[in-house]
Amino acid sequence: MSDTMSRFLSYAPFATASTPMPGHELVDLGALGFIPSLGGAERGYNVEADTLITQTTDGRDLNSLWEEFRTVVGMHNEKRQTLIDLLTFPVQNVIEDVPQIGGDDFEEASEFGVPKGIRSSLTYFSMGYDFKWYDLAARFTWKFLAEASAQQVESIHQSALEADNRLIFRKVMGTLFRNTNRAANIKGQNYTVYALYNADGTVPPEYAGNTFDGTHSHYLVSGAAAIDPGDLEESIEHLRHHGYSAANGTDLVFLMNETEARVVRNFRAGTNGATYDFVPAVGSPAMIVPNQQGLIGAQTGDSYKGLTVIGSYGPARIVAEDYIPSGYVVLLGTGGAANLQNPIGIREHANTGLRGLRLIAGDRAAYPLVNSYYNRGFGTGIRQRGGAVVTQIKASGGYTIPTAYQNA
C-alpha cells in the first residue's frame, strides 16, 4: 500500500453535497471552506480547450491518482467508525417489520391433560427510514492542475472522506437525540420515522411482568443541574425492563461528555443514593479511594469495540466521548458492531451498486479526475425504540434536542 493510500485510510468514513442531479443536496469544497475556489461551475473548466494537463507539477500521472482514489474509496466503505457501528444496523428497505417478542409461562401439568402450546406474543412494529442522496464535487481547472502537486490533489480527496464521515455521524447522532417522530416521503408515499419511545401513544410490549402505557418515554430530564447516581440507575432500569441486558446478549454502555464523566468518577455506593461504586477501568490513571477495603469483582477493560472505557457503574461500561454534547448522557444497549439489536438503522439503496461512498467520473473520459463527484445515498431511523435512553441534565423543563443536532 502506498503512503498516499495509508494517509487516506487514517480518515474515518462518511459527506455533504453540490448541484449535478435533481433532488440531490449539494455543496462544493470551496463553499465548505476546505479549499479555495477552483473555478466553480459558473466559470467552467479547462478554459483553454487545447491545453491538456496529464501530470501534477511533481510528476504524478493524473489517471494513476484517479485509480488510486477509486481503490481508496472502496476500502473506505469497508471501514465504519466505531461509535456508528455500535449504534446502528444496516437496512435496505423503506419499511422494516421489527419483531417485538413478549414472554410465555409454564403451567401446572394435570395428570391427563395436554400441555398448552406456546402462544408467544410475537408482534411486529413497522419502522420507517428516510433516504436522501448527497453529493460533493471536486472541480479542478487546468491552471490549478498545472501548478498543483500530488499532495495538494490528495488533500482534496482526504477532505471529501472526512466530510462523508461527518455527514453520517451527524445524521446518526441527530436520529438518536431527536425526541419527535418525523415523516419521510419516498416516491410520493409518506412513512413514519420513529424516535425512541417518546410518549407518542405507542404501548411497548410487556416484558418479564413489566407493563407500559402510551406515555412511556426514553427521553428523560434529570431534574437537577448536575448528574447524580439516580440518573444512571434510572437509565439502566429503563433498558432492563425492556429486556436489554448482558444475560440477553446486550451490552450496556454509557456515552457521556467529559464534563459529566468528571462527576461520575466520584460516585460511591451509599453516598448520594448510589447503589454502586464507580470502578475505574484497567489501565486508568491511579486514584486514591478513602477507606478502600479492596475490590470485590473485576474491573472492566479499558476499551470496548474500539472505544476507550474509563470505568463502570453497576452493569454498564462508561465511555467519555466529546462527541456527546455536554449536558446529555446516553445509555446504549448494543449487541456489537452492526448488530440487529442496535437501536438505529442506516438505510442504503436496495441496489448494491449504489451503496457506500461512490466516486463518479467527470465528463472527460480520458481525465476522470477533472470535475469528479463523490456520491452517497442513505437514511436513518430508530429501529429498536427501547434500545437506548437519553437523559438531559437540567433542573427543570421538558427535554430539548441538543443544539448541534436540531437540524440533523
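# Close-up views of a predicted model

**View 1. Helix H6 from end to end.** Helix H6 covers residues 150-177, and its 28 residues reach 41 Å from the first C-alpha to the last, close to the 40 Å expected at 1.5 Å a residue. That expected span is 1.5 Å times one less than the number of residues in the helix. Helices (H or I, at least four residues) and strands (E, at least two) are DSSP runs, numbered from the N terminus. Because 22 of the 28 residues of H6 are buried, the helix is largely enclosed by the rest of the structure. Here, buried means under 20% relative accessible area, exposed means over 50%, and partly exposed lies in between (1.4 Å probe, protein chains only).

A word on reading these views: this is a predicted model, in which local features need pLDDT of at least 70 and side-chain atom pairs count only at pLDDT 80 or more, while totals for chains, interfaces and linings use all residues. Residues are numbered from 1 along each chain as its sequence is written, and side-chain values use heavy atoms, with hydrogens and water left out.

**View 2. Confidence along the chain.** The pLDDT is the predictor's confidence in each residue, from 0 to 100. The protein chain averages a pLDDT of 77, and 71% of the residues score at least 70. Over residues 4-51 the pLDDT is below 50, and this stretch has 134 contacts in the model beyond near neighbours in sequence. A contact means heavy atoms within 4.5 Å. Where pLDDT is low, the predicted coordinates should not be read in detail.

View 3. A salt bridge is a side-chain nitrogen of Lys or Arg within 4 Å of a carboxyl oxygen of Asp or Glu. By this rule the count comes to seven salt bridges. Glu162 forms one of them with Arg166, with the closest N and O atoms 2.8 Å apart. These two residues are four residues apart in helix H6, so about one helical turn separates Glu162 from Arg166. Glu162 is partly exposed at a relative accessible area of 26%, and Arg166 is partly exposed at 38%.

Asp164 also forms a salt bridge, with Arg376, and again the closest N and O atoms are 2.8 Å apart. This pair links distant parts of the chain, with Asp164 in helix H6 and Arg376 in strand E17 (residues 372-382), 212 residues apart. Asp164 is buried, with a relative accessible area of 0%, and Arg376 counts as buried at 2%.

View 4. The 12 residues of helix H7 (residues 229-240) should span 16 Å at 1.5 Å a residue, and its end C-alpha atoms are 16 Å apart, which agrees. Which residues of H7 are buried? They are Pro229, Asp231, Leu232, Ser235, Ile236, His238 and Leu239. The buried residues of H7 pack against several elements, including strand E9 (251-256), helix H8 (258-264) and strand E12 (307-313).

View 5. Glu234 is found in helix H7 and is partly exposed, with a relative accessible area of 38%. From C-alpha to C-alpha, Glu234 and Ser222 are 9.5 Å apart in space, and they are 12 residues apart in sequence. The side chains of Glu237 and Arg240 meet in a salt bridge (2.6 Å, N to O). Both of these residues lie in helix H7, three residues apart, about one turn of the helix. Glu237 counts as partly exposed at 34% relative accessibility, as does Arg240 at 41%.

View 6. Two strands pair if DSSP finds at least two bridges between them. E8 and E18 run parallel and are joined by three bridges, with Leu220 opposite Thr391 in E18. E14 and E18 pair in the antiparallel sense over five bridges, and the bridge partner of Tyr328 in E18 is Gln392.
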